[in-house]
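Take a look at the model below.

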Amino acid sequence: MTDMTDSEFPGIIAGGGDLAAFLGANKGAVDAALADAGALLFRGFDVPDPHAFDAAVEGFGEAGFTYEDSLSNAVRTNVTPRVFTANEAPPTTEIFLHHEMAQTPLYPSKLFFYCEIAAEEGGATPLCRSDWVLDRLSEEAPQFVARIEEQGVRYTNVMPGDDDAGSGQGRSWRSTLSAADKSEAEARLQHLGYSWEWRENGTLQATTPVLDAVRVLPDGRRTFFNQLIAAFRGWADSRNDPNRAITFGDGTAITTEEMAPAIAIADQLTYDLAWQPGDMALVDNFLVMHGRRPFSGKRRVLASLVA
Ligand code: FE2
C-alpha cells in the first residue's frame, strides 16, 4: 500500500485548558489537520461535562445539523441544544462502520464525539479511512466498485410507528419523517424520492432513491461513502432483514459474497478509539467511517453534527 502506514490516524492533539478557546484560536490549523487525517482526537483539555462539549462545538464555529431535521434511523435524545446521545441501542449491540446518514439524501459533513463516561469494558469507537478502503477494494473487487459507482445503491428499512430503543434502527417513522400521520409521512417520502409500503402493526417499509456509493472529495480523493457495511451487517431487528436492506441501483440484491471483501478490508483498516473521560473527537464524515463497539458498564459518549 501507499502512504497509509506512515500516516498518523487519527491525528492526536494533546493539550490542556479550555477547548472552546483553543478551537476558536486554531481553526485554520485544526481544519488543515482534519483534512489530512480525517479524524482528530483532542485529549487532555478541560471538557468536564456536556455543556463544555457544547461550548467547544460552538467554539469551532460551524453551523449545526439537527437530529430533528435528519432522516437518521437511530434513537437519540438531545442533551443540550447542539449535543445529543450518540445512539441508544443496547450495550451488546455493535454498530457497524458507516458514514453518518449516508443511507439518506441528507447528511452532516462532520461529527463531534465526546466521552463523558468511559465504559468499563469495550465501547471503543472504531474509525476507518474510507478512501483507503476504496483504494484496496478497487484492487480486490474492481467489478463491484465499478458497479456501485455506475449504478449507485438503494437502501430499504422498516420503521416502527413508535420509537424502539431496543434496536439500533429503532427510530419511528413519525420521528424520522417529522410526520404526525400517514399522509404527512407519504408527502415527505414523495418529496425525497422514496418508494414505500405500509406494513403490519403500523410499520413503514421505505426504499431510498438511488444514492451515490462513492464520493469524490474536492481534492480528488475517492471514498466508500455509503452505509453498505452497517446496513448489511447491522440492520437486523424484529422488522428488518439485512439480506433485503441493500441493492444496486437497478434493484438487484447485493450478496454476501459481494460484501465480503469490503467488510474484510474495512476491518483490517479500522482503528479503535478507546475513550478516556473528557476526550473529544472530530470526524470528517466524507472521509472516515465510524461505529460503536459493544460494551459493559456505564458509557456515555455524546455527539454533535456539523451541517
Ligand atoms: Fe453514526
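Rings of Phe, Tyr and Trp (its six-membered ring) count as a pair if their centres lie within 6.5 Å. By that rule, a search of the whole structure, which is a predicted model, finds 11 aromatic pairs. One aromatic cluster is formed by Phe9, Trp132 and Tyr271.

The table gives two cases.

| Charged residue | Ring | Distance from ring centre |
|---|---|---|
| Arg147 | Phe248 | 3.8 Å |
| Arg299 | Phe295 | 5.5 Å |

Distant parts of the chain are linked here: His98 lies in strand S5 (residues 95–98) and His290 in strand S17 (residues 288–292), 192 residues apart. Both His98 and His290 are buried.

Now the sheet. Four strands form an open sheet in the order S10-S11-S9-S14, and their pairing is antiparallel. Strands S10 (195–198) and S14 (246–248) stand at the edges with a single partner strand each, so one side of each has no neighbour in the sheet. On average, neighbouring strands of this sheet are turned by 15 degrees against each other, direction ignored.

Strand S9 (residues 153–159) pairs with strand S11 (residues 204–207) over 4 bridges. Val158 stands opposite Gln205 in S11. Helix H7 (residues 182–192) packs on the sheet and touches S10 and S11. The direction of H7 makes about 160 degrees with that of S10.

Technical notes:
Residues are numbered from 1 along each chain as its sequence is written. This is a predicted model: local features need pLDDT of at least 70, side-chain atom pairs count only at pLDDT 80 or more; totals for chains, interfaces and linings use all residues. Side-chain values use heavy atoms; hydrogens and water are left out. Helices (H or I, at least four residues) and strands (E, at least two) are DSSP runs, numbered from the N terminus. Buried means under 20% relative accessible area, exposed over 50%, partly exposed in between (1.4 Å probe, protein chains only). Rings of Phe, Tyr and Trp (its six-membered ring) pair if their centres lie within 6.5 Å; planes under 30 degrees apart count as stacked, over 60 as edge-to-face and the rest as tilted. A charge sits over a ring if NZ of Lys or CZ of Arg is within 6 Å of the ring centre and within 35 degrees of the ring normal. Two strands pair if DSSP finds at least two bridges between them. Axes are lines fitted to C-alpha atoms, for helices over the stretch in contact, and angles run from 0 to 180 degrees between N-to-C directions. Contact means heavy atoms within 4.5 Å.
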